[in-house]
Amino acid sequence: MDSESGIPILDFRKSSGVTLEEGSEGWKEMSKKVREAFENHGAFLLRCDEIPNELREEMFTGMKSLFELPEETKLKFSSTRAYRGYTAKSHVIPHCQSFGIDDALKSDTSQNFTNLMWPEGNLTFSETLSSLTSKTRELSRLILKMVVEGFGLPEEYIAEVEELNSHNDSRMTRYQLPEENKDSEIALVPHTDKGTLALICHNEVQGLQVLPNSGNWVNVNIPPNGFIVIVGDMLKAWSNGRLQAPTHRVVTRGDKERLAFILFAVPKQETLIKVPSELVDEDHPLRYKPFKYEEFVDFHYTTRTEKGVLEQVAGV
Ligand SMILES: O=C(O)CCC(=O)C(=O)O
Ligand SMILES: [Fe+2]
């Protein structure tokens with residue numbers, strides 16, 4: 001457990017003697033821990049060996065060169081969609097620059113992005129981005145299956161959680177230190193993630209904070225070579241509010257810049273989010289009516305509100 005935030009650390013590493021073969025006892029036990037962590041914290045810290053350290057190091061080395069490219073090159077990666085494309089110093093991300101990549105898993109996405117940034121080519125970057133994206137996506141699939149198992153739901157629901165993970169966006173962010181004040185300062189404003197799950201790894205410079213129900217921000221310490229897995233609003237809705245989608249933000253802490261790679265598992269626009277009947281009972285009355293992901297996204301983009309979006313769109 002992370003002593004500051006109380007968020008559990010789950011160890012998926014084979015080297016720790018864990019076998020996560022689907023259906024095995026180890027798998028069932030871990031699925032229960034995933035469910036409990038998501039119920040209590042909306043997140044867990046993950047140690048796993050699916051993603052080699054060399055790959056992460058390669059990614060952060062590549063990201064360093066990426067962010068050092070001239071501003072006019074970075075601005076070539078534009079998007080009409082909010083939070084996608086290249087953003088620098090927006091109100092949402094005051095001290096950071098970020099590349100939001102849509103459809104991160106499409107076979108040519110990494111290559112097209114790389115070619116735009118490095119017209120002379122950068123095969124290492126393109127392969128690293130593509131490999132880290134697909135490996136984190138495999139992890140998100142595994143974790144969603146564990147949610148189905150953790151709730152003891154019939155196997156049919158695996159297809160449903162796959163729907164919740166049918167689209168993938170990724171984001172690469174550099175949180176810079178503000179010139180004047182090197183102490184703690186907000187670099188990414190408080191929010192919940194709007195999709196299903198987010199998997200985040202960073203260059204070992206901490207900065208993430210969560211807001212527990214106690215109402216006081218707490219630091220999250222991602223373990224070395226680890227990840228944090230955070231529940232988004234869609235998984236919260238699908239689970240009838242039984243899994244939390246925690247409010248989180250990033251602050252600059254210390255004197256090093258932070259680099260983060262984030263994979264977002266999201267539904268397709270037209271996906272219908274509907275609570276499984278098994279998750280509704282006397283103790284857990286239905287909280288959300290069925291709604292399409294795009295209704296939620298449109299409402300969020302038009303109102304630009306962070307407060308109670310889910311309740312306003314789908315609340316019973
Ligand atoms: O950089 C981080 O640790 C968090 C990023 C985040 O929450 C986001 O991009 O939605
Ligand atoms: Fe987030």
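The model is predicted: local features need pLDDT of at least 70, side-chain atom pairs count only at pLDDT 80 or more, and totals for chains, interfaces and linings use all residues. Side-chain values use heavy atoms, with hydrogens and water left out, residues are numbered from 1 along each chain as its sequence is written, and chains are lettered from A and ligands numbered from 1 in the order in which they are written.

A cavity is a set of points, on a 1 Å grid over the protein atoms alone, where a 1.4 Å probe fits but cannot get out; lining residues have an atom within 4 Å of a point. Grid points are joined across faces, edges and corners, and a volume is the space filled by probe spheres set on the points. The lining of the second largest cavity includes Tyr175, Leu177, Val205, Gln206 and Arg258. Strand β11 gives the most to this lining, with three residues. Strands (E, at least two residues) and helices (H or I, at least four) are DSSP runs, numbered from the N terminus. By class, the lining has five nonpolar, two polar and three charged residues. Ala, Val, Leu, Ile, Met, Phe, Trp, Tyr, Cys and Pro count as nonpolar, Asp, Glu, Lys and Arg as charged, and the others, Gly among them, as polar.

The whole structure holds two cavities of 30 Å³ or more. β5, β6 (185-191), β7, β11 (247-252) and β12 each supply at least two lining residues. The largest share, four residues, comes from β12. Nine residues of this lining are nonpolar, two polar and three charged.

Strand β12 spans residues 258-266, and nine of its nine residues are buried (under 20% relative accessible area, with exposed over 50% and partly exposed in between; 1.4 Å probe, protein chains only). Arg258, Ala260, Ile262, Phe264 and Val266 point one way from β12, and Leu259, Phe261, Leu263 and Ala265 the other way. Two strands pair if DSSP finds at least two bridges between them. β5 (residues 167-175) pairs with β12 in the antiparallel sense over nine bridges. Here tyrosine 175 stands opposite arginine 258. β7 (residues 197-202) also runs antiparallel to β12, joined by six bridges. Histidine 202 has alanine 260 as its bridge partner in β12.

The structure contains 11 aromatic pairs. Rings of Phe, Tyr and Trp (its six-membered ring) pair if their centres lie within 6.5 Å; planes under 30 degrees apart count as stacked, over 60 as edge-to-face and the rest as tilted. Phenylalanine 12 and phenylalanine 44 form a tilted pair, with centres 6.1 Å apart and planes at 35°. Phenylalanine 12 lies in the loop between β1 (9-11) and α1 (25-40), and phenylalanine 44 in β2 (residues 43-47), 32 residues apart. Both are buried. Phenylalanine 67 and phenylalanine 99 are also tilted, with centres 5.4 Å apart and planes at 50°. Phenylalanine 67 belongs to helix α2 (residues 53-68) and phenylalanine 99 to strand β4 (residues 96-101), so the pair ties together parts 32 residues apart in sequence. Phenylalanine 67 is buried, at 2% relative accessible area. Phenylalanine 99 is buried at 0%. Ring pairs link Phe67, Phe77, Tyr86, Phe99, Phe113, Trp118 and Phe125 into a cluster.

Terms used. 1 Å grid on protein atoms, 1.4 Å probe; cavity = no way out; pocket = protein on both sides within 12 Å on 5 of 7 lines; lining within 4 Å.
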